[in-house]
Protein chains: 2
Amino acid sequence: MTKDSATASQDLQPQIRISFKKSIAMGPGKADLLDAIATTGSISAAAREMGMSYRRAWLLVETMNQSFQEPLVMTAAGGQHGGGAVVTALGCEVVRRFRAMERKAAASVKAEMEAFTQLLQD
Amino acid sequence: MTKDSATASQDLQPQIRISFKKSIAMGPGKADLLDAIATTGSISAAAREMGMSYRRAWLLVETMNQSFQEPLVMTAAGGQHGGGAVVTALGCEVVRRFRAMERKAAASVKAEMEAFTQLLQD
């Protein structure tokens with residue numbers, strides 16, 4: 001309900017990371033970035049919203065696009081930081097499936113997580 | 001069966017991280033460190049085995065010990081890098097429960113993970 005409790009419950013979720021070769025093809029940060037690109041329509045606006053550099057966001061997009069069978073993000077021609085970006089149908093599906101796995105993994109260990117946190121200091 | 005497939009399947013496991021205040025009280029690396037301390041009987045030997053500095057291993061132990069209601073690792077007096085270390089009963093229980101959560105979360109999304117990886121490049 002408060003920001004703190006929302007943050008805390010998120011921290012207690014299992015995190016999913018999909019490795020591909022030596023990179024992380026998909027993980028919590030990349031899924032958030034895809035959501036932000038879908039919302040803002042641009043890599044630079046998404047980067048700003050997430051408090052990361054344009055360069056870092058661009059590199060994350062590049063990793064995703066090289067890891068999957070088709071690109072997850074397409075950018076319009078139009079110069080640096082310029083032409084806007086869209087999340088492809090595959091990108092949308094990847095996010096949807098990733099979120100579903102997060103939820104399912106979290107639900108599977110909800111009771112154990114709650115019991116575990118009783119071992120932490122007050 | 002091969003090292004590669006073991007690594008790949010490990011990379012595809014959901015990762016559990018238990019946050020406490022601003023730190024990670026328990027996560028995959030800390031659980032591995034506890035296992036290594038239990039096996040080697042020393043923080044410095046465990047650090048070597050894991051390819052991390054003694055200082056880093058010590059800081060991870062300190063974070064764990066400060067996060068839980070009782071210490072997870074006790075060190076014998078006896079000077080720097082000196083007197084050996086043991087994982088406490090609580091430390092053993094924390095690792096056991098942590099591994100159980102990892103396994104349960106992994107099992108819960110096994111089919112989804114396998115389907116998801118079909119979207120990756122060959």
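Good morning. Over all chains, the count comes to 12 salt bridges, a salt bridge being a side-chain nitrogen of Lys or Arg within 4 Å of a carboxyl oxygen of Asp or Glu. Please note that this is a predicted model, in which local features need pLDDT of at least 70 and side-chain atom pairs count only at pLDDT 80 or more, while totals for chains, interfaces and linings use all residues. Residues are numbered from 1 along each chain as its sequence is written, chains are lettered from A and ligands numbered from 1 in the order in which they are written, and side-chain values use heavy atoms, with hydrogens and water left out.

Let me begin with the two chains together. A rotation of 180° with 0.0 Å of shift along its axis superposes chain B on chain A, with an RMSD of 0.0 Å; the superposition is by least squares on the C-alpha atoms of residues with pLDDT of at least 70 in both copies. The two copies are thus related as by a two-fold rotation axis.

I turn to the interface. Here 35 residues of chain B are in contact with 35 residues of chain A, where contact means heavy atoms within 4.5 Å. Because 100% of the interface residues of chain B are also interface residues in chain A, the copies meet through the same surface.

How much area do chain B and chain A bury between them? The figure is about 3300 Å², 64% of it on carbon and sulfur atoms; buried area is the accessible area (1.4 Å probe) that two parts lose on being put together, summed over both. Phe116(B), Leu119(B) and Gln121(B) supply 20% of the area that chain B buries against chain A, more than any other three residues.

Between chain B and chain A there are 22 residue pairs in polar contact, both residues being at pLDDT 80 or more. A polar contact is a pair of N or O atoms within 3.5 Å; within protein, one must be able to donate a hydrogen and the other to accept it, and residues adjacent in sequence count only if both atoms are side-chain atoms. Helix H5 of chain B gives the largest share of the side that touches chain A, namely eight residues. Helices (H or I, at least four residues) and strands (E, at least two) are DSSP runs, numbered from the N terminus.

Two salt bridges are counted between chain B and chain A. In one salt bridge, Glu112(B) pairs with Lys104(A), with the closest N and O atoms 2.6 Å apart. Glu112(B) is partly exposed at 29% relative accessible area, and Lys104(A) is partly exposed at 38%. In these terms, buried means under 20% relative accessible area, exposed over 50%, and partly exposed in between (1.4 Å probe, protein chains only).

Other salt bridges join residues of one chain. Arg97(A) and Glu93(A) form one at 2.7 Å, N to O. Because they are four residues apart in helix H5 (residues 89-108) of chain A, about one helical turn separates them. Arg97(A) is partly exposed at 23%, as is Glu93(A) at 26%.

Are Arg99(B) and Glu102(B) buried or exposed? Arg99(B) is buried at 18% relative accessibility, and Glu102(B) is buried at 9%. Their side chains meet in a salt bridge of 3.1 Å, N to O, and both residues lie in helix H5 of chain B, three residues apart.

Finally, in chain A, a network of salt bridges links Asp32(A), Asp35(A), Arg99(A) and Glu102(A). Thank you.
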